[in-house]
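Me: Can you walk me through the side-chain contacts in this one? I have the coordinates open.

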Amino acid sequence: MKVYFGDKLKQLRTERQLTQDALAESLGVSFQTISKWERGETYPDITVLPAIAALFETTVDDLLSTDKPQKELKANALIDLYEKMQLKNAPDVLKKYRIAIKEHPENYDLLVRYMELLRLESSRNLSEYESIAHELTSAYFKILGRCKDEAIIIRAKRILVEHLMFQYCCLGYDEEYRKQAKLISDSLPALSDSKEIVSLQIADVAEWKTIYSDTIEELSYQLQKTIIGYCYYSNSFSPEYKADIIEHINGILKLLDNSKRLTKNRIHIIYNYGHLGHLYAEIGNTEKALENLRLAAELAAKTDDNPDAQRVMLFYEQEARFRNMNMCERMRELMTEHYNFSDEFKEMPEFHKILNLLK
């Protein structure tokens, strides 16, 4: 049985920004002793182990790491479970993660995914919102105070910003929550410093096509969110201008859409067809309105048949009720309840045929 005590001790010490001298002073030993422990040349007396474990808020078993390979396998299996999670499995995955973070207190890959799961659960389970929100913020501050992986810290900040803005926008919490979100967002790197952009500069020929595709896909997704939020839902622009903008964006998204892999951009394309149908009806171009609504319905039905659809939906929507709807249900609700079609338009046989595609 291999003991990983030295590696674990060094990890815990560096995470808490302790020098060997400071740790030695806390334990009443010399810094040379700490150095030998970390190099695996010697081990502490068994009576000292509980004191070391208490100092780092862990267990003796975790400190010795005798089951490190098994723990790593379990952690990797949980990460894989998260990556393949579907909407219906999310509550069960959260239960497994609640147990896992107690067994793997220093695994920040797990902890940041736990934050994401809590964010999803908090919008679904409002009856337990306060306790879930407390768990989420506690996980965030643990990552911020101990984790040294910048990518994990940035991801944790992004999740907390989304959590704070859900409280502000959807639950009606006061302005202070938006201010907190703004402070955190201001500490995040600029787009030009992101992994997606910088990785293009160092990719070799074999990697470049994949990285380029992923980067453009993410940029187009962010562009869509920004433009639609600013333009389509604003009363400052004419229907003609909005339709022109969305036509151009949808052209880019369709060009990048990979039929072999369902992405959030595909969901945007469906919504854009629906929005265009609404706008063209408002302009008075019935033919183009029906054409776009039909495209939205057909692509929604095709998307719902994709086995990856539920997972993509899970991380696409903030509000729980939308995550519990498939694309056909979403588009039918938009067409029947939200788009302000005239009574004459709603009575058209062609429009009813489109609604039937969404059943």
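Predicted model: local features only at pLDDT ≥ 70, side-chain atom pairs only at ≥ 80, totals over all residues.

Me: OK, aromatics. How many aromatic pairs turn up in the whole structure?

Reply: A search of the whole structure gives 12 aromatic pairs. One of them joins Tyr 82 and Tyr 97: the ring centres are 6.4 Å apart and the planes are at 55 degrees, so the pair is tilted.

Me: Where do Tyr 82 and Tyr 97 sit?

Reply: Tyr 82 is in helix α6 (residues 68–83) and Tyr 97 is in helix α7 (residues 90–103), so the pair ties together parts that are 15 residues apart in sequence. Tyr 82 and Tyr 97 are both buried.

Me: What is the geometry of Phe 341 and Phe 351?

Reply: Phe 341 and Phe 351 form an edge-to-face pair, 5.5 Å centre to centre with 70 degrees between the planes. Phe 341 lies in the loop between α19 (327–338) and α20 (343–346), while Phe 351 is in helix α21 (residues 349–357), so this pair ties together parts that are 10 residues apart in sequence. Both Phe 341 and Phe 351 are buried.

Me: Which residues form an aromatic cluster?

Reply: Tyr 129, Phe 166, Tyr 173 and Tyr 177 form one aromatic cluster.

Me: And which residue lies over the face of Tyr 232?

Reply: Lys 242 does, at 6.0 Å from the ring centre of Tyr 232.

Me: Switching to charges. How many salt bridges?

Reply: The count comes to 14 salt bridges. Among them is the one between Arg 98 and Glu 135, at 2.7 Å from N to O. Arg 98 is in helix α7 and Glu 135 in helix α9 (residues 129–146), so the pair ties together parts that are 37 residues apart in sequence.

Me: How accessible is Arg 98? And Glu 135?

Reply: Arg 98 is partly exposed, with a relative accessible area of 28%. Glu 135 also counts as partly exposed, at 23% relative accessibility.

Me: What about Arg 158 and Glu 116?

Reply: Their side chains meet in a salt bridge at 3.3 Å, N to O. The pair links distant parts of the chain, with Arg 158 in helix α10 (residues 150–169) and Glu 116 in helix α8 (residues 108–124), 42 residues apart. Arg 158 is partly exposed at 32% relative accessible area, whereas Glu 116 is buried at 3%.

Me: What does Glu 41 pair with?

Reply: Glu 41 meets Arg 39 in a salt bridge of 2.8 Å, N to O. Glu 41 counts as partly exposed, at 48% relative accessibility.

Me: Which residues are linked in a network of salt bridges?

Reply: Arg 16, Glu 57, Glu 106 and Arg 146 are linked that way.

Me: Last topic, the surface. Which residues make the nonpolar patch?

Reply: Leu 223, Ile 252, Leu 255 and Leu 256 make a nonpolar surface patch of about 370 Å². Helix α14 (residues 239–256) gives the most to the patch, with three residues.

Me: Where is Leu 255 found, and is it buried or exposed?

Reply: Leu 255 is found in helix α14. Leu 255 counts as exposed because its relative accessibility is 73%.

Note on methods. Residues numbered from 1 in each chain as written. Heavy atoms only, no water. Patch = residues over 30% accessible without salt bridge, like charges linked within 9 Å, V, L, I, M, F, W, Y side chains within 5 Å. Areas by Shrake-Rupley, 256 points an atom, 1.4 Å probe, with all protein chains shown as cover. Salt bridge = Lys/Arg side-chain N within 4 Å of Asp/Glu carboxyl O. Helix = DSSP H or I, 4+ residues; strand = E, 2+ residues; numbered from the N terminus. Buried < 20%, exposed > 50% of the residue type's maximum accessible area, 1.4 Å probe, protein only. Phe/Tyr/Trp six-rings, centres within 6.5 Å; stacked < 30°, edge-to-face > 60°. Lys NZ or Arg CZ within 6 Å of the ring centre and 35° of its normal.
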